[in-house]
Each structure stands twice: as C-alpha cells, then as structure tokens.
Amino acid sequence: MLIVALGYILSARGIQTSFMSDPVGPRVFPYLVAAVVILCSLVMILRPDPDEDWPAGPMVLQLGIALVVLMGYSQAISPLGFLIPTAIVAGILSWQIGGNPVRSAITGLGLSVGLFVLFRVILGLGLRGLPAGMGF
Amino acid sequence: MAFPPEWGSKIMETLANLAMGFSIALTPYTLMLAIIGCFVGTIIGALPGLGPSNGVALLIPISFSMGLDAISALVLLTSVYYGAMYGGRISSILLNIPGDEPAMMTTLDGYPMAKQGKASEALVVSGVASFVGAMLATIGLMIFAPYLARVAYQFGPAEYFALYMLAFCTLGGIGSSNQAKAAMAAAIGLGIAMIGLDKTTGMPRFTFGELHLMDGVDFLVAIVGLFAVAEVFHFIESHGKDSAIGVKLGKILVPWRMLKQTSGAMLRGTGIGFVAGVLPGAGASLGSFLAYMAEKSVAKGADKASFGKGNPKGVAAPEAGNNAAAGGALVPMLTLGVPGSGTTAVLLALLLTLNITPGPLLFAERPEVVWSLIASLLIANVVLLLMNVPMVKVFVKILSVPAWVLLPGVTMIAFVGIYSLTGSSFDMLLMVAFGVLGYVMRKLGIPTVPVILGILLGNAMEDNLRRAMVLSNGDWWYLLSSPIAIGLWIAAIVGFVAPIFLRRILKKPAVPHDPTLNED
C-alpha cells in the first residue's frame, strides 16, 4: 500500500514536469489535479487501510495469461476476422473460470458462432467473420 | 383546496409536453425497443456480476454502431437501466447473491422469505415495490426537473465549477468508505480527461507523442474497460465459485394481503429513495440502504424483531427505495449534466455520445428528447411490472447460466462494441489497460465510479474554471462570488466531511460479502 502510494506521488511528479512544454493556461488545472493526488497519497500513507488479499503465485500467472490473451485478441480481431480469435479467446477464458477443457472448447465455439450471428446477422454490425481475403 | 391559477397552467403545460412525449414513444418501433430494453435489462440486473452500470456501458457502443437515432438509443438504454434495477432483486431473493449493488439490502429479508417457501411472495412484493418506487419517482422527475432547470439557467462558470466539486465530494463522501481514496479516484479520472489536445490553445497534453491519444481517451473505452473487462479478471481470480444453489420457486400467486400490509413501507421507501437519488453522488445503493434502515426504525415490537428474518416490509422498502433513487438520479443528470451515480454517469456518457448536452438548455431546446424519454420511462415501468410478476420464471431460468459461459460472452461483447465503434485496435488495448486499472483499484479499495465521473466531467470542469478566471482576470475569489456558488461549496464540503462522522452512527448491517459486486 505504502509503496503504491509512493509510486503515485512519483508518477504525479513525472506528470508535473511534462507540463512545462505547455503555455501557462492549460497547466493550472492539471496542477490542481496533481496536488489532489499527492495529498491523497499522503493521507493513504499516514492512515493505511488493512491490506487486501493479493493474488499469489499461480493466480498471478492465470491473470497474466488472461491479460496476454486479451491483448492478443485486441490485435487479432482486425486482421483475422471475428470467428477464429473469438473461439480461441472465449475458450481460454472459459477454461480459466470453469476449469473443464472440453466444456470450455464447446463454449468458445458456441459463443463465437452465436455472437457472430447476433451481431452480424441480427444487429447488422460491420464485423468481418474470417481472415481478410477469405470471404465474409 | 383551490390552487393558485398559475399552477393550473403549469400542470396543463406538463401534460401537453407529456402527450407529445407519448406520441413519440408509442410508435410501434420505439415501443418494441422499450420492451427489448426492459427484457435485456432485467436479465442484466439479475445476473450476478452484471449490473446497471456495466450493462448499459456494454450496450452503448453496440446501439451506437447499429445507427439508432438519439431518441431510440435513449429509450432502449434507459429501459435497460430501469430493467436492471428491477432484475437485481431476483438473484438477491433466490440465491442470496445480489444481482447488483443496489439490490444488496433486498437479500436481508428476501432470502429468508425464500427459505421459508415464500419466494414467489417475495418476488411479487418486490416487483410491485419496484413499480411503485419507479413510477412515483418518474412522476417526481416530471415535476421537479423543469424547476431545477429554471434555477440552473442562472448558473455561470463559477457555479458550475462549484457544482462539479459538489458532485465529486458527495460521491466520494457518501459512496465510499475512505475519502482519500475517493478523491484520488476522482483526480485520476480528471487527469485522464486532460489527455489530448487542449481545447483553448490546441497544444497536445500527456500524449507522449502517441498519435492515437491526440483526440483524448474515449470515455466509452474507459467505462467498458473499468466496468466490464475488470470483471473478467475478478471472476478468473474467484474461479466463479459463488455459483450458489438456488431456492425452489413455486407457482406465482399475487399475495394481496401482503401487498396491502407493505404499501406503507413502499411509499416511505419511495420518498426516501427519491431524495437520495436526487442528491448528486448518492445513488440507488444509498436509497435502498436508507429506506431499509428507516423502515426498520419505524417498525415496532414483533414486527421490528422479524426484520432480517423474512419480513416482507424489509423487501418492499429497499426495492421501492432503489428504484425511486434510480428515477431521482435522472433529475440532476438531465437538468445540470451532473450524474448522481455510476449508472447515471454511464447514461451521461450516452447522451454525450449522441451529441446531446444535458443541462438547463436541454429542456428548452430539445423538449422532444426529454419528454419522450420520460414517456418511455413510464411505459417501461408498466412493461417491467408485467414482465417481472407473471413472467419472473423466465428470468429465473436465465439465472442458471454458468459463469464460464457468461463471462467470456461479456468480454467478447465488450470487444465487439468498442471495435465496431472505433475500429481501432489501439482503443481495444486501451480498454484492456483500463480493465487492469479497474482490477487493481478494486483490490486497493479505490472506487471506480469517481474515475468515470472525472473523465466525463474533466474537460467541462476545466473549461468553466478557465472561463471564470478570464471573467475575473485571474482572481480566485471569483469562484465564491455568488450566493449559489457559496452554497454549493458549503454543501460540497459538508458532503465530503460529514460522512466521516455519520459512519460511526450508521453502521451497515452485515450483508453477504461479494467481491464480484459492481458499483451502481
């Protein structure tokens, strides 16, 4: 908690110096905001709350996997279309929450096709189903 | 009793406006949207992990890329909003897991009632209570909003700046357990709002040379990330282990006697809830909490002792309270452009996306938007009552969707929404980043709603501050130059400081702790 609050102060300071390139007008309000952040960090250091349970070991790995998968998805959906990345990503997430590989694979496939039908056919959004150059 | 003549004309004016609203809202297409919205909203409310705020947030980009016009989108999403408020009670009563935070108080007496085999009674009573609360609050909105809009006409930049302070202070003071953390959250939001080109000088700020950030951070990206993507990380951590075993639901009968017995509780709950909703920053959770506490303190003897053990009044009061607060929260949102809760902040985001600027001018310049919204709220209420009393079994079925299907689905919907709105993979990455931020903040006990409010109001707040400084030649005392501004500043400080002392008096009763809950 303490370390995080200190980190906030540091980043607030970092932000402050980056204002220097601006003329006087646009700086005032961000300064006020930064001041509030510093003040709050100090209060949080002086009167810390009981710590939450932070995830440990394997759980961090799990969350990391989820993060990487989601970041990959955000890059993949444009070139690869909706269907394939969605089936993979939804399957992985489902497996992380539910823990049963077969069930998760079915969920991924089902969600991918189901949502595509919902968005593309029923709601008419501009989604591409397959990788570029492979038809719809 | 004779009314003064000008009241008569005011009432006529309101009715004429309402008739115009209904003429728009009752077209088959709009009516269909309202019904779909109510249905989807009830599901969103009932599913644990999805509440009014992240539900509406998910649907904004989608309804926007469907090309709905302003009124249709507004009707659809406010129906979802009201529907979610109704739906939250279903899982509270049947599973002892509140579907969303405002429905938390309903677990206290609703679940015991269900365990005693009175699940259907509890559902009917809470459904009717929701109807009473929401209906009366919508009527209250009709009466009070135009008055408030007239007062708000006189607001200048100094008053608006003070008003924004009030919103942040009360939201931070009442809505969270630690003022410093709430203020920190608001400051983070304001800081994010600063990213992009400065409107006055055209200079880029905080873009770190990244071209994508020149336009600033799209608030929809932030909202969907903070509310929906953060939820996924939480569920992975908890492994969806809160899939509780439900209570059997028998035949749905209308318990007329119980309804009569609880009618007083509903009316009191409505009054308290509406006031709580109108206060900026308070919202539906506080409305249902205060309504429950008030009802408990009014009760006597054996009636009082049965609170927490399945007293129907303990179901009626908070449900009327939270639905009334949902309606009340629309008053400051529409007239002042200052949302009273997380969900209304999301609705404000919707209005801004549709190029509608809420505020006193909205009532004068776009009356068709305001009144068709109000008319569709009234319609949505009737639809919801019909859906939630005879058809409640349908929603109970949907509750059995397991988390390992639901959560991936929600994530994919979040991505599709943002993707079809902006078409940019950078925005999707940013959304994931906001998801991580939301997860970390919830771990640290920092509320996320003030962040949203900060992002939404940041630019307007800075504009007003700079305009005030231009008017006064840089004299900071100008901010305190009018009685309205001074009043707002005092209210802001009281709203921020008073809860520190009140918290010791008003101890929250023990409710089932659920880390997957989303703020309303």
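Reader: Where is B:Val56 found?

Author: B:Val56 sits in helix 3 of chain B, residues 52-65. Keep in mind that this is a predicted model.

Reader: Is B:Val56 buried or exposed?

Author: Buried. B:Val56 has 29 other C-beta atoms within 10 Å, and the cut-off for buried is 20 or more.

Reader: Which residues does B:Val56 touch, leaving out those up to four places away in sequence?

Author: B:Leu77, B:Val80, B:Tyr81, B:Thr343, B:Val346 and B:Leu347.

Reader: And B:Val124, how far is that from B:Val56 in space?

Author: The two are 25 Å apart, C-alpha to C-alpha. In sequence, 68 residues separate B:Val56 from B:Val124.

Reader: Back to the helix. How do the axes of helix 3 and helix 9 of chain B cross?

Author: At roughly 130°, with the axes coming within 9 Å. Helix 9 of chain B covers residues 219-238.

Reader: Which residues make the contact?

Author: Helix 3 of chain B brings B:Ser53, B:Asn54, B:Ala57, B:Leu58, B:Ile60 and B:Pro61. From helix 9 of chain B come B:Leu220, B:Ile223, B:Val224, B:Phe227, B:Ala228 and B:Glu231.

Reader: How does that contact between helix 3 and helix 9 of chain B split by class?

Author: 9 nonpolar, 2 polar and 1 charged. The crossing of these two helices is left-handed.

Reader: What about helix 9 against helix 19 in chain B, what is the crossing angle?

Author: Roughly 160°, and the axes come within 10 Å. That makes helix 9 of chain B roughly antiparallel to helix 19 of chain B. Helix 9 passes helix 19 of chain B in a left-handed crossing.

Reader: Which residues make that contact?

Author: On helix 9 of chain B, B:Leu220, B:Val221, B:Val224, B:Ala228, B:Val229, B:Glu231, B:Val232 and B:Phe235. On helix 19 of chain B, B:Ala403, B:Leu407, B:Val410, B:Thr411, B:Ala414, B:Gly417, B:Ile418 and B:Leu421. By class, the contact of helix 9 with helix 19 of chain B has 13 nonpolar, 2 polar and 1 charged residues.

Reader: Now across the chains. How do helix 4 of chain A and helix 19 of chain B cross?

Author: Their axes come within 8 Å and cross at roughly 140°.

Reader: Who makes the contact?

Author: A:Thr86, A:Ala90, A:Leu93, A:Ser94, A:Ile97 and A:Gly98 from helix 4 of chain A. Helix 19 of chain B supplies B:Ala403, B:Trp404, B:Val405, B:Leu407, B:Pro408, B:Thr411 and B:Met412. The contact of helix 4 of chain A with helix 19 of chain B divides into 9 nonpolar, 4 polar and no charged residues.

Reader: Different spot. Where is B:Pro102 found?

Author: In the loop between helix 4 (70-95) and helix 5 (106-115) of chain B. B:Pro102 is buried, with 35 other C-beta atoms within 10 Å. B:Pro318 is 216 residues from B:Pro102 in sequence, yet 8.4 Å away in space, C-alpha to C-alpha.

Reader: Overall, how many helices and strands in chain B?

Author: 22 helices and 2 strands. Of its 520 residues, 61% count as buried.

Reader: And in chain A?

Author: 5 helices and 0 strands. Of the 136 residues of chain A, 34% count as buried.

Reader: Confidence, then. What does chain A average?

Author: A pLDDT of 68, with 51% of the residues scoring at least 70. Confidence in chain A is lowest in helix 1 (residues 2-18), at a mean of 53, and highest in helix 3 (residues 57-80), at 78. Over residues 16-24 of chain A, pLDDT stays under 50.

Reader: What is the mean for chain B?

Author: 76, and 82% of the residues of chain B reach 70 or more. Over residues 508-520 of chain B, pLDDT stays under 50. Where pLDDT is low, the predicted coordinates should not be read in detail.

Reader: What are the ipTM and pTM?

Author: ipTM 0.76 and pTM 0.76.

Technical notes
Residues are numbered from 1 along each chain as its sequence is written. Chains are lettered from A and ligands numbered from 1 in the order in which they are written. This is a predicted model: local features need pLDDT of at least 70, side-chain atom pairs count only at pLDDT 80 or more; totals for chains, interfaces and linings use all residues. Helices (H or I, at least four residues) and strands (E, at least two) are DSSP runs, numbered from the N terminus. A residue is buried if 20 or more other C-beta atoms lie within 10 Å of its own, exposed if 12 or fewer, and partly exposed in between; C-beta atoms are placed from the backbone. Two residues are in contact if their C-beta atoms, placed from the backbone, lie within 7 Å. Axes are lines fitted to C-alpha atoms, for helices over the stretch in contact, and angles run from 0 to 180 degrees between N-to-C directions. A crossing is left-handed if the near helix is turned anticlockwise from the far one by less than a right angle, and right-handed if clockwise. Ala, Val, Leu, Ile, Met, Phe, Trp, Tyr, Cys and Pro count as nonpolar, Asp, Glu, Lys and Arg as charged, and the others, Gly among them, as polar. pLDDT is the predictor's confidence in each residue, from 0 to 100. Angles under 35 degrees count as roughly parallel, over 145 as roughly antiparallel, 65 to 115 as roughly perpendicular and the rest as oblique.
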